[in-house]
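This briefing is meant for a reader meeting the structure for the first time. Please look over the sequence and the model before turning to the points that follow.

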Amino acid sequence: MLGVEDWAEIRRLRRAEGMPIKAIARVVGVSKNTVKRALADDGPPRYERSPRGSIVDGVEPRIRELLAAWPTMPATVIAERIGWTRGLTVLKDRVRELRPVYLPPDPASRTAYAAGEVAQCDLWFPDITLPVGFGQTRTAARLPVLVMVSGYARWLVARLLPSRVAEDLFAGWWQLLGQLGAVPRVLVWDGEGAVGQRRRRVTVLTEAAHAFRGVLGAKILICDPADPEAKGLVERANGYLETSFLPGRSFASPADFNAQLAAWLVVANQRHRRVLGCAPADRIQADRAAMLPLPPVAPVTGWHASLRLPRDHYIRLDSNDYSVHPAVVGRRVEIRADLERVWVWCDGRLVADHVRCWARHQTLSDPAHLQAAAQLRHQRAVLARHPDHAQEVQLRCLADYDAAFGLDDGQGVA
């Protein structure tokens with residue numbers, strides 16, 4: 001058989017050199033008829049094996065009859081019905097080849113997202129052990145990362161949270177929406193306890209989720225259980241974080257984790273996406289333009305509480321105790337906290353400001369609060385030791401303490 005190399009050389013000698021057929025036959029070492037056939041063929045020569053019959057050919061009509069009546073009949077049942085006694089592999093191959101002819105077409109639907117339409121949210125639990133201060137560490141089960149991906153631009157935002165309780169989750173969610181710069185019209189979640197769940201194919205949201213979405217003007221959709229494909233964008237984003245962000249990194253604190261994550265997200269959103277044909281950064285402006293604007297008044301998120309300050313002048317938040325200025329002992333105070341700080345207010349004046357502690361069961365004391373408490377206790381002790389000379393001891397009214405600690409001019413006490 002003439003090889004491809006000789007075939008190509010024959011055609012070159014004829015077309016480029018203009019050699020006669022007899023000369024080409026002599027140069028290549030083949031017959032003139034072979035040269036003529038090579039010049040007549042439009043394609044290179046290739047070996048074609050003549051088809052051979054199969055042992056299944058004889059029973060194929062019977063297989064077609066069974067598939068026409070029952071298109072999903074298993075190959076093992078077909079073998080039993082036709083009395084097949086040979087190997088099953090060759091029979092299964094033929095059934096696999098014939099079955100699509102008798103099944104109705106089943107094309108897969110392609111999911112497409114319009115600009116501004118949807119964003120998918122989820123919690124990612126990275127496989128890390130993170131130091132949180134006071135010699136404590138937290139594992140992935142207690143340190144979730146809130147992840148959100150917009151459907152049209154595939155813009156990715158994420159943040160580590162102190163916990164998955166509603167106060168922290170909605171505070172982190174509002175921060176991610178602020179980073180996105182707009183509100184998607186539909187926010188898709190799994191059955192997260194703080195957000196809601198799916199009951200009988202109906203979304204049932206918590207009161208906090210209703211209040212949150214009411215301010216945003218958006219819809220929150222909860223996916224059915226065991227249906228990860230419904231929010232495949234954020235599931236793939238979690239895997240992307242797992243394989244591209246996490247490996248080779250170490251973290252000194254939650255703040256360090258969030259700083260490294262924020263820097264990585266800037267780069268990740270500039271990377272080319274094969275499914276888009278561009279980077280998320282190239283589509284995010286169109287996505288934002290079609291979204292709802294951020295509400296003029298932020299939704300109420302984070303921790304909120306009101307109580308009368310006890311004599312030990314400490315308040316408890318998320319298992320930790322924070323000191324408050326003792327000048328407001330016995331008065332009602334308002335507690336506010338987000339993911340980073342804890343504030344205490346009394347009559348509109350700031351009387352405590354602490355960095356939020358991510359460790360558990362700790363006592364956080366401001367030195368100024370301790371000094372003020374010691375001074376008040378000393379004055380109280382002097383009165384107790386000299387009850388007969390109470391008139392000789394200067395008694396200050398509470399307004400003097402307000403002035404001393406800056407509580408009467410709108411200035412907060414650190």
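In this predicted model, Leu91 has a relative accessible area of 0%, and because residues under 20% count as buried, Leu91 is classed as buried. Leu91 belongs to helix α6, which covers residues 88-102.

**Surroundings of Leu91**

- Once its neighbours within four places in sequence are set aside, Leu91 is in contact with Val56, Ile63, Ala75, Ala79, Ile82 and Trp84.
- Between Leu91 and Phe212 there is a separation of 121 residues in sequence, and their C-alpha atoms lie 60 Å apart in space.

**Helices α1 and α2**

- Helix α1, residues 4-15, and helix α2, residues 21-28, have axes that come within 10 Å and cross at roughly 145 degrees, and this crossing of α1 and α2 is right-handed.
- On the α1 side the contact is made by Asp6, Ile10, Leu13 and Arg14, while α2 brings Ile21, Ile24, Val27 and Val28.
- Sorted by class, the contact of α1 with α2 consists of 6 nonpolar and 2 charged residues, with no polar ones.

**Helices α1 and α3**

- The axes of α1 and helix α3, residues 32-40, come within 9 Å and cross at roughly 85 degrees; because angles of 65 to 115 degrees count as roughly perpendicular, α1 and α3 are described as roughly perpendicular to each other.
- This contact is made by Trp7, Ile10, Arg11 and Arg14 of α1 together with Val35, Ala38 and Leu39 of α3.
- In the contact of α1 with α3, 5 residues are nonpolar and 2 are charged, and no polar residue takes part.

Methods:
Residues numbered from 1 in each chain as written. Predicted model: local features only at pLDDT ≥ 70, side-chain atom pairs only at ≥ 80, totals over all residues. Heavy atoms only, no water. Axes fitted to C-alpha atoms, helices over the stretch in contact; angles between N-to-C directions. Helix = DSSP H or I, 4+ residues; strand = E, 2+ residues; numbered from the N terminus. Left-handed = near helix turned anticlockwise from the far one by under 90°. Contact = heavy atoms within 4.5 Å. Nonpolar A, V, L, I, M, F, W, Y, C, P; charged D, E, K, R; others polar. Parallel < 35°, antiparallel > 145°, perpendicular 65-115°, else oblique. Buried < 20%, exposed > 50% of the residue type's maximum accessible area, 1.4 Å probe, protein only.
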